[in-house]
Amino acid sequence: MYKVLLLNDDYTPMEFVIVVLQRFFAMDTEQATRIMLKVHNEGRGVCGVFPRDIAATKVEQVSAFARQHQHPLACVMEEN
């Protein structure tokens, strides 16, 4: 199993991070806001734990979505 994480940066708007969490990780607004604040305050936040293939797909989807909207949001996976 692999953790999918978002990494903090100084440019991606907090609102965009919330949209990403809702869209790709099926979180409600409250849950997404909690994770976004964790990313903002601690530098990284766990979006979920998935089998390797699903985690890799999520990382690619989030990265592509961020690039499409010209945000440097980094999404990575690491073994759990």
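The paragraphs below lead through the helix packing of this predicted model and then through several individual residues.

Residues are numbered from 1 along each chain as its sequence is written, and side-chain values use heavy atoms, with hydrogens and water left out. Because the model is predicted, local features need pLDDT of at least 70 and side-chain atom pairs count only at pLDDT 80 or more, whereas totals for chains, interfaces and linings use all residues.

Helix H1 covers residues 14–25, and helix H2 covers residues 29–42. Helices and strands here are DSSP runs, numbered from the N terminus (helices: H or I, at least four residues; strands: E, at least two). The axes of H1 and H2 come within 9 Å and cross at roughly 125°. Such axes are lines fitted to C-alpha atoms, for helices over the stretch in contact, and the angles run from 0 to 180 degrees between N-to-C directions. The angle makes H1 oblique to H2; angles under 35 degrees count as roughly parallel, over 145 as roughly antiparallel, 65 to 115 as roughly perpendicular, and the rest as oblique. H1 passes H2 in a right-handed crossing. A crossing is right-handed if the near helix is turned clockwise from the far one by less than a right angle, and left-handed if anticlockwise.

On the H1 side, the contact with H2 is made by Met14, Val17, Ile18, Leu21 and Gln22. H2 contributes Thr29, Ala32, Thr33, Ile35, Met36 and His40. Contact means heavy atoms within 4.5 Å. By class, the contact of H1 with H2 has seven nonpolar, four polar and no charged residues. In this scheme Ala, Val, Leu, Ile, Met, Phe, Trp, Tyr, Cys and Pro count as nonpolar, Asp, Glu, Lys and Arg as charged, and the others, Gly among them, as polar.

H1 also packs with helix H3, at an angle of about 140° and with the axes 11 Å apart. H1 and H3 are therefore oblique to each other, and their crossing is right-handed. Here Phe16, Val19, Val20, Arg23, Phe24 and Phe25 of H1 meet Lys58, Gln61, Val62, Phe65 and Ala66 of H3. The contact of H1 with H3 has eight nonpolar, one polar and two charged residues.

Valine 19, which takes part in the contact with H3, has a relative accessibility of 36% and so counts as partly exposed. The cut-offs are under 20% relative accessible area for buried and over 50% for exposed, with partly exposed in between (1.4 Å probe, protein chains only). The C-alpha atom of valine 19 is separated by 10.0 Å from that of methionine 36, 17 residues apart along the chain.

Cysteine 47 lies in S2 (residues 44–50) and counts as buried, at 8% relative accessibility. Not counting residues up to four places away in sequence, cysteine 47 touches Val4, Leu5, Leu6, Leu21, Phe25 and Met27. The side chain of serine 63 reaches the backbone oxygen of valine 59 at 2.8 Å.

Threonine 12, in the loop between strand S1 (2–7) and H1, is buried, with a relative accessible area of 11%. The side chain of threonine 12 reaches the backbone nitrogen of leucine 73 at 3.3 Å. Leaving aside neighbours within four places in sequence, threonine 12 is in contact with Val17, His71, Pro72 and Leu73. Proline 72 lies in the loop between H3 and strand S3 (74–79) and is partly exposed, at 45% relative accessible area.

Two loop residues have positive phi values without being glycine. Alanine 26, in the loop between H1 and H2, has a phi near 50° and is exposed, with a relative accessible area of 70%. Glutamine 70, in the loop between H3 and S3, has a phi of about 55° and is exposed, at 72%.

How values were computed:
Polar contact = N/O pair within 3.5 Å; in protein donor to acceptor, adjacent residues only side chain to side chain.
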